[in-house]
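Please read the sequence and the model below with the charged side chains in mind. The text that follows walks through some of their pairings.

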Amino acid sequence: MSLEHFINQAVSSWMNEEGPEMEIVLSSRVRLARNLTNFKFPSLFQSEEARGVVDEISTAVESEFSLELLKMETLTPLEKRVLVEKHLISPLLADASPYGAVLLSENEDISVMVNEEDHIRIQCLSPGLQLKETLEKANKLDDAIEAHVEYAFNEQYGYLTSCPTNVGTGLRASVMMHLPGLVYTQQINRIVPAINQLGLVVRGIYGEGSEALGNVFQISNQLTLGKSESDIVEDLLSVVLQIITQEKAARETLIKASNIQLEDRIFRSYGVLTNSRIIESKEAAQCLSDVRLGIDIGYIKGISKNILNELMILTQPGFLQQYAGGPLQAEERDIRRAAFIRERLKMEENC
């Protein structure tokens with residue numbers, strides 16, 4: 001594997017695999033936060049300590065798993081931005097100390113961030129609704145690392161983390177959901193506050209502080225203390241299954257109540273994507289959401305449902321500039337974005 005492997009392909013290979021409820025749940029993610037006892041927390045340590053953490057963790061991981069180590073100090077700002085857009089590293093790791101690192105699996109379903117907010121952030125991803133299976137994968141990696149290092153752990157409080165909101169299990173479980181039905185019927189406005197009251201949080205596609213582009217929402221747990229990992233996942237799964245039921249019902253309502261208007265909206269968006277010469281990221285995301293909905297409910301034939309996942313990443317600023325070979329002004333990115341989308345949809349039509 002090489003850096004080019006992770007930078008040049010827009011879609012991680014795990015995204016092309018099938019998963020349960022994939023017409024609504026794009027992916028499941030489990031993240032575990034851990035720290036080592038023999039090092040200061042990342043906010044306090046010096047460069048030599050940071051390098052020591054990278055060496056110790058990479059040795060522990062590579063003894064059990066085949067993962068590629070990428071050090072932040074060797075990456076350009078553009079390369080780091082592309083990894084953020086692919087959800088392989090966090091914006092914090094990209095912007096924080098240059099002594100951070102990430103260990104990645106070949107199909108990019110495993111990402112171990114080092115020296116982010118905590119010494120270790122284990123992230124595992126799966127297609128569709130597979131929270132339990134993803135937790136099992138993360139726990140297996142967690143156990144393998146713990147066999148070689150000593151975690152900062154307290155009998156009363158659990159795993160100790162830099163941020164108090166992660167103390168306990170250190171677990172953040174989340175799902176990425178495509179919810180155009182709930183958005184277009186305006187039910188999302190009452191559902192989000194109800195979800196928050198259940199100890200869960202709804203965010204945009206890139207997590208905290210980000211916008212829900214293309215009707216894609218990230219739903220995750222807030223509480224990490226006082227519950228077991230399996231209980232946290234079960235609670236999240238229960239809510240997600242209810243949201244799936246409501247999203248399916250909302251889509252049925254749209255089809256029955258305003259079939260011609262819905263069909264018109266979908267094909268107008270398809271027309272915009274196939275003919276635009278300049279398009280901003282927000283408009284592109286909205287049109288891609290409409291097209292994905294059209295594919296899911298059978299209005300649009302012969303186009304892969306993964307087109308939303310692929311083009312939502314491929315048309316982000318980092319990827320556009322990576323393919324261009326250097327920085328682009330905003331209008332240049334909008335022109336290149338439109339060209340990429342036209343060419344990609346033409347490929348689908350030809351196939």
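Arg 121 has a relative accessibility of 4%, and since buried means under 20%, this residue counts as buried. The model is a predicted one. In it, Arg 121 pairs with Glu 116 in a salt bridge, with 2.9 Å between the closest N and O atoms. Glu 116 is also buried, because its relative accessible area is 8%.

The structure holds 22 salt bridges. Another of them joins Asp 235 to Lys 227, and here the closest N and O atoms lie 2.5 Å apart. For this pair the surroundings can be read from the accessible areas. Asp 235 has a relative accessible area of 34%, so it is partly exposed. Lys 227 is partly exposed as well, with a value of 38%.

A further salt bridge brings together the side chains of Asp 290 and Arg 265, at 3.4 Å from N to O. This pair links distant parts of the chain, the two residues being 25 residues apart. Asp 290 sits in helix 10, which covers residues 281–296, while Arg 265 sits in helix 9, residues 259–275.

Arg 265 counts as partly exposed, at 35%.

Definitions and conventions:
Residues are numbered from 1 along each chain as its sequence is written. This is a predicted model: local features need pLDDT of at least 70, side-chain atom pairs count only at pLDDT 80 or more; totals for chains, interfaces and linings use all residues. Side-chain values use heavy atoms; hydrogens and water are left out. A salt bridge is a side-chain nitrogen of Lys or Arg within 4 Å of a carboxyl oxygen of Asp or Glu. Buried means under 20% relative accessible area, exposed over 50%, partly exposed in between (1.4 Å probe, protein chains only). Helices (H or I, at least four residues) and strands (E, at least two) are DSSP runs, numbered from the N terminus.
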